[in-house]
Amino acid sequence: MEQDNARDMKARTRKAKSTGESQLTGRRRATGPSKTKTLISPSAIGPANRGRVLQALIDLGPSSRAELARHTAVNRTTISGIVQPLLDQGILVAGAPLAMKRGGKPARPLWFSPQAGPICAAVLMPGVARTALVSLTGDIYAEHHEALDVDSASPEPLFDGLVRSLERTLGAAPSRPLGVGVAVGGMINTESNTIVTVNQATALAGFPLGRRLTGQTGLSVCIDHYPRAMLLGERWFGIGRGLRNFATIYTGESLGAALFLDGHLYRGPGGGGGELGHTFVQIDGDLCDCGRRGCWETIATLGWLRLEARAAGIDDPDTINSARLTAMTVGGDAVAAELHDRFAHNIAIGIANLHQTMSLSVYVLCGDVAGGGGALRDAIATHVRAMSPDRPGYPLDFRLGDIEDRATLRGAAGLILSENLQFTL
Ligand SMILES: [Zn+2]
């Protein structure tokens, strides 16, 4: 049986290598969970087992060999065989011994070494390129940014801006980075590593960003849609750690969402899908940046909030955001409270539609909406439950994620981590 398992695993690994598919997150795969659930024998430890142990480590946080063995249902010897080469290479380190309850040899929790090679992360949004180095423990440093002219008729000035920021970041790398992960504020093709379209920077349509960046840096490059990078950041380093099914909802100047289904980041064929901001919530509603009408994005972003705040007579409406609106509401401002509730309802509409379709139990609110804290989260939860009630035994769970771009930068790094970890380390 073990030989069969080993043969199967080798065959899968060959197939994965030949298709560029990562077994860790199912990248390059259109849908679906991995069919493999068990680890293979110590004599056939391969990249897939290593990937699963590292995934368990990320899910659990710093963990002893015994804890990893329990979580992956194998013995400690097998775990030791997997982690020892990673310790030898300086990818993992053993922390200070933990006190044992009943004597015995103290366990030393394993975790990623802060000294391991960093990953370069980039976020390419319509008006700005941001770059940073991310350690395997999720620390962000060497941050730089460059303003981009969205009205440029050619993609080259935009690419040059990204490269300028990237080169400053790479210049601070203590060792050769494992690769460059790029989160793009637009539709991308993950098969060809190209940009399909960016609504507010049309010159980038069709731009072969992955190939151009590899040519510029000599590093492997992965690009993806920014809400998916944000989800990966929450999954690997944030509030989504350990979850098998959840969605992240990002709001700000735009609205995006991403899905993590049965242990895998969901991508449609070619990296499509996830454009929840452009699902329709109002027939013949307001005009959206995408050129269509009635998108969820038209009623649940800062643009809508500013217009409504002005109409309601709220002070300084052009700088209103979820944090200030919620603070005014909690402070007893009745006008703000009415707008707060309508905004929560508008955000809830899209989540309720998603919940009716996918029945995920955890929704992580990111971006501006997270600035509204527990009060806005609870108001959204109340409206979602009114439109899409809890199923018995499966209560809805709303969590606050990252307010700024921390999760997106970490998630852009996570693209490289999930793509390359098991094959290159
Ligand atoms: Zn739209």
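Predicted model: local features only at pLDDT ≥ 70, side-chain atom pairs only at ≥ 80, totals over all residues.
Residues are numbered from 1 along each chain as its sequence is written, and side-chain values use heavy atoms, with hydrogens and water left out.

Q: What makes His278, Cys288, Cys290 and Cys295 the protein donors of the zinc ion?
A: Donors are N, O and S atoms within 2.8 Å of the metal (3.2 Å for Na, K and Ca); water is not among the atoms, so sites may look incomplete. His278 (ND1), Cys288 (SG), Cys290 (SG) and Cys295 (SG) lie 2.0 to 2.3 Å from the zinc ion. They therefore count as donors.

Q: Why is the site of the zinc ion called tetrahedral?
A: Four donors count as tetrahedral if all angles lie between 85 and 135 degrees. Here the angles among the 4 donor atoms are 103 to 121°. The site is therefore tetrahedral.

Q: How are the donor residues of the zinc ion spaced in sequence?
A: The spacing is H-x9-C-x1-C-x4-C. His278 and Cys295 both lie in the loop between strand S12 (264–265) and helix H8 (302–311), so the pair ties together parts that are 17 residues apart in sequence. Helices (H or I, at least four residues) and strands (E, at least two) are DSSP runs, numbered from the N terminus.

Q: Why are H10 and H11 called oblique to each other?
A: Axes are lines fitted to C-alpha atoms, for helices over the stretch in contact, and angles run from 0 to 180 degrees between N-to-C directions. Under 35 degrees is roughly parallel, over 145 roughly antiparallel, 65 to 115 roughly perpendicular, and the rest oblique. Helix H10 (residues 334–358) and helix H11 (residues 373–387) cross at roughly 50°, and their axes come within 7 Å. H10 and H11 are therefore oblique.

Q: Which residue classes make up the contact of H10 with H11?
A: Contact means heavy atoms within 4.5 Å. Residues in this contact include His340 and Ala344 of H10 and Leu376 and His383 of H11. By class there are 12 nonpolar, 4 polar and 1 charged residues. Ala, Val, Leu, Ile, Met, Phe, Trp, Tyr, Cys and Pro count as nonpolar, Asp, Glu, Lys and Arg as charged, and the others, Gly among them, as polar.

Q: What makes H5 oblique to H6?
A: The axes of helix H5 (residues 156–171) and helix H6 (residues 209–217) cross at roughly 45° and come within 11 Å. That angle makes H5 oblique to H6. Their contact has 7 nonpolar, 2 polar and 3 charged residues.

Q: Why is H8 called roughly antiparallel to H10?
A: The axes of H8 and H10 cross at roughly 155° and come within 11 Å. That makes H8 roughly antiparallel to H10. Trp304, Leu305, Glu308 and Ala309 in H8 meet Leu339, Arg342, Phe343 and Asn346 in H10.

Q: How far apart are Leu261 and Met358 in sequence and in space?
A: They are 97 residues apart in sequence and 9.2 Å apart in space, C-alpha to C-alpha. Leu261 is in strand S11 (residues 255–261). Leaving aside neighbours within four places in sequence, its contacts include Met358 and Leu360.

Definitions and conventions: Tetrahedral: all angles 85-135°; square planar, octahedral: opposite > 155°, others 65-115°.
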